[in-house]
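Here's a quick briefing to read with the model open on your screen. Take a look at the fold before going through the notes.

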Amino acid sequence: MPGAIPNPQPSPAAYPLSRALLEAVLADRLSDRFVAELVWTRLGYRPATAPSAVWEAGPATPPDWAEAFPVAPELIATRPASVRLTRSIAAEHKQLLKQQLGFAGYRIGELYPRRTRRATAVNWLLAHLAERGEPLPEAGPLPALLQPPPDPVQGHPGDLPVG
């Protein structure tokens, strides 16, 4: 597929959620695509059968997501997908980022759409666990962590531009 981004890291499905993994997302130590795939797998999206980097809605994808996004949306790069993700977090779970990770937000000089959308993804992942009554383990397996990008607006090599 033109414009497809290769994913140099193993599939996020291989990594169970843990405090260490979610903190790596907040610290910008994983690619935007990796972060999106953490959410996609839990939304029921799956890699397409054709050899491409496309993920598509599967039988477990909630109907409203499958209808709006038959192909998994780039959650960090596109605003509509990030907004839908935010709105899909139940009110009782909106503060999990602060409550479970002690995340107080980014400082004024660190506020970029990429980072706030990463925080949204982490909060959604925490809500996903909470809705299932699953605990958040402190530690778990981690992929090779990247250095935070020198330019947080641009992100890591291969990250799509944020719109």
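Predicted model: local features only at pLDDT ≥ 70, side-chain atom pairs only at ≥ 80, totals over all residues.

Numbering starts from 1 along each chain as its sequence is written, and side-chain values use heavy atoms, with hydrogens and water left out.

**Whole chain**
- You'll find six helices and two strands here, taken as DSSP runs numbered from the N terminus (helices are H or I, at least four residues; strands are E, at least two).
- Along the sequence they follow the pattern α-α-β-β-α-α-α-α.
- Of the 163 residues, 44% count as buried, meaning under 20% relative accessible area with a 1.4 Å probe, protein chains only.

**Helix H1**
- H1 covers residues 19-26, and six of its eight residues are buried.
- Those buried residues are Arg19, Leu21, Leu22, Ala24, Val25 and Leu26.
- They pack against helix H2 (32-42), helix H5 (96-101) and helix H6 (113-131).
- Just after H1, Asp28 takes a positive phi of about 60°.

**Where H4 meets H6**
- The axes of H4 (residues 79-87) and H6 come within 9 Å and cross at roughly 35°; axes are lines fitted to C-alpha atoms over the stretch in contact, with angles from 0 to 180 degrees between N-to-C directions.
- H4 brings Arg79, Ser82, Leu85 and Thr86 to the contact, and H6 brings Arg117, Thr120, Ala121 and Trp124; contact means heavy atoms within 4.5 Å.

Methods: Buried < 20%, exposed > 50% of the residue type's maximum accessible area, 1.4 Å probe, protein only.
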